[in-house]
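Colleague: I have a model open and some questions about it. Can we go through it together?

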Amino acid sequence: MNWKHTLSSMMAATALAAAASGQDNWSYSGANGPDTWGGISGVCANGSMQSPIVIEGTESAYLNRLEPTYAVSPVMMHNDRHTIRFTYASGSMMKVGNKEFELLSFHFHTPGEHRVLTTSFPLEIHFDHKAADGSLARVAVLVKEGRSNVAAEELWPLLPIEPDQTTRRPEVKINARDFMPNAREYYRYMGSDTMPPCTEGVNWYVLKEPIEFSSQQIAALRGIMGENARPLQPRNNRMILDALPN
Ligand code: ZN
């Protein structure tokens with residue numbers, strides 16, 4: 001075994017131990033902040049297709065409609081110290097053209113991560129989907145302050161406020177569509193996970209129409225998660241497509 005092997009197994013062992021203790025070695029500020037994520041995964045620092053980005057200078061294109069056919073799912077949510085993630089029951093699909101992606105989970109960022117022209121948002125929700133061939137589709141929903149979200153009214157009292165806490169409430173059902181706008185026009189670009197390991201090859205669909213949460217609902221999430229938005233990344237020479245209604 002060469003030294004590189006030894007080093008990578010040691011690092012893997014450390015990562016496993018951190019995962020087992022429910023902690024890992026990155027954060028959104030301070031000594032383990034975003035500037036240091038390249039030490040966890042090189043692509044966080046050296047990648048050329050990182051997310052989030054500013055949505056501007058888009059090109060119009062006729063693209064496939066997003067066709068979510070989500071079922072309801074029992075509530076299972078986890079506070080992993082970086083975000084609050086709802087894990088979704090299997091079998092809920094989103095069709096894009098003739099490709100089907102399964103909804104795996106969704107999670108929250110306060111403030112929002114993507115910016116649209118000069119507009120920033122106080123909250124952004126990411127819906128993680130995976131196709132049978134392993135390709136990833138992520139739908140971003142931008143949230144602005146306004147009316148109360150009815151689904152959140154029921155769910156927010158159940159939020160796992162403690163680090164590493166999990167809430168399982170099989171008798172309570174959620175529908176991910178309750179956190180999406182009716183209009184599904186979107187911006188499309190190729191990017192990455194916005195958390196380490198910053199994996200690239202993610203198909204981003206940023207929905208144009210924001211939804212609304214009350215200031216209290218946004219504040220409740222922020223109170224638990226703190227600020228968990230990665231700084232904007234260089235666009236480099238990527239295209240951002242603006243899907244025309246079709
Ligand atoms: Zn995210």
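Predicted model: local features only at pLDDT ≥ 70, side-chain atom pairs only at ≥ 80, totals over all residues.

Colleague: How many helices and strands in the protein?

Modeller: Four helices and 15 strands. Those are DSSP runs numbered from the N terminus, helices being H or I with at least four residues and strands E with at least two.

Colleague: What share of the residues is buried?

Modeller: Of the 246 residues in the protein, 43% are buried. Buried means under 20% relative accessible area, exposed over 50%, and partly exposed in between, with a 1.4 Å probe and protein chains only.

Colleague: And the contacts, what part comes from residues 24 or more positions apart?

Modeller: 69% of the contacts with a separation of 6 or more. A contact here means heavy atoms within 4.5 Å.

Colleague: Next, the metal. Which residues coordinate the zinc ion?

Modeller: His-107 and His-109 through NE2, and His-126 through ND1, at 2.0 to 2.1 Å. Donors are N, O and S atoms within 2.8 Å of the metal (3.2 Å for Na, K and Ca); water is not among the atoms, so sites may look incomplete.

Colleague: How are the donor residues spaced in sequence?

Modeller: The pattern is H-x1-H-x16-H. His-109 lies in strand β7 (residues 99-109) and His-126 in strand β9 (residues 123-131), so this pair ties together parts 17 residues apart in sequence.

Colleague: Are His-109 and His-126 buried or exposed?

Modeller: Both His-109 and His-126 are buried.

Colleague: Switching topic. How many disulfides does a search of the whole structure find?

Modeller: One. The disulfide joins Cys-44 to Cys-198, with S to S at 2.0 Å; the criterion is a pair of cysteine sulfur atoms within 2.5 Å.

Colleague: Which parts does that pair tie together?

Modeller: Cys-44 is in helix α2 (residues 42-46) and Cys-198 in the loop between β12 and β13, so the link ties together parts 154 residues apart in sequence. Cys-44 and Cys-198 are both buried.

Colleague: What about its handedness?

Modeller: The torsion about the S-S bond of Cys-44 and Cys-198 is about 95°, so the disulfide is right-handed.

Colleague: Where are the cis peptide bonds you have listed?

Modeller: One joins Thr-110 and Pro-111, with omega about -5°. Pro-111 sits in the loop between β7 and β8 (115-116). Another runs from Pro-196 to Pro-197, with omega near 10°, and Pro-197 is in the loop between β12 and β13 (200-207).

Colleague: What is phi of Arg-81?

Modeller: Near 80°, a positive value in a residue other than glycine. Arg-81 is in the loop between β4 (73-79) and β5 (84-87), and at 39% relative accessibility Arg-81 counts as partly exposed.

Colleague: And Asn-236?

Modeller: Phi of Asn-236 is near 55°, also positive in a residue other than glycine. Asn-236 lies in the loop between α4 (215-225) and β15.

Colleague: Last one. In which sense does β15 pair with β2?

Modeller: Parallel: β2 (residues 59-62) and β15 (residues 241-244) share four bridges, and pairing requires at least two DSSP bridges between two strands. Strand β12 (residues 186-192) pairs with β15 in the antiparallel sense over two bridges. Asp-242 in β15 is the bridge partner of Ser-60, and Tyr-187 stands opposite Asp-242.

Conventions:
Residues numbered from 1 in each chain as written. Heavy atoms only, no water.
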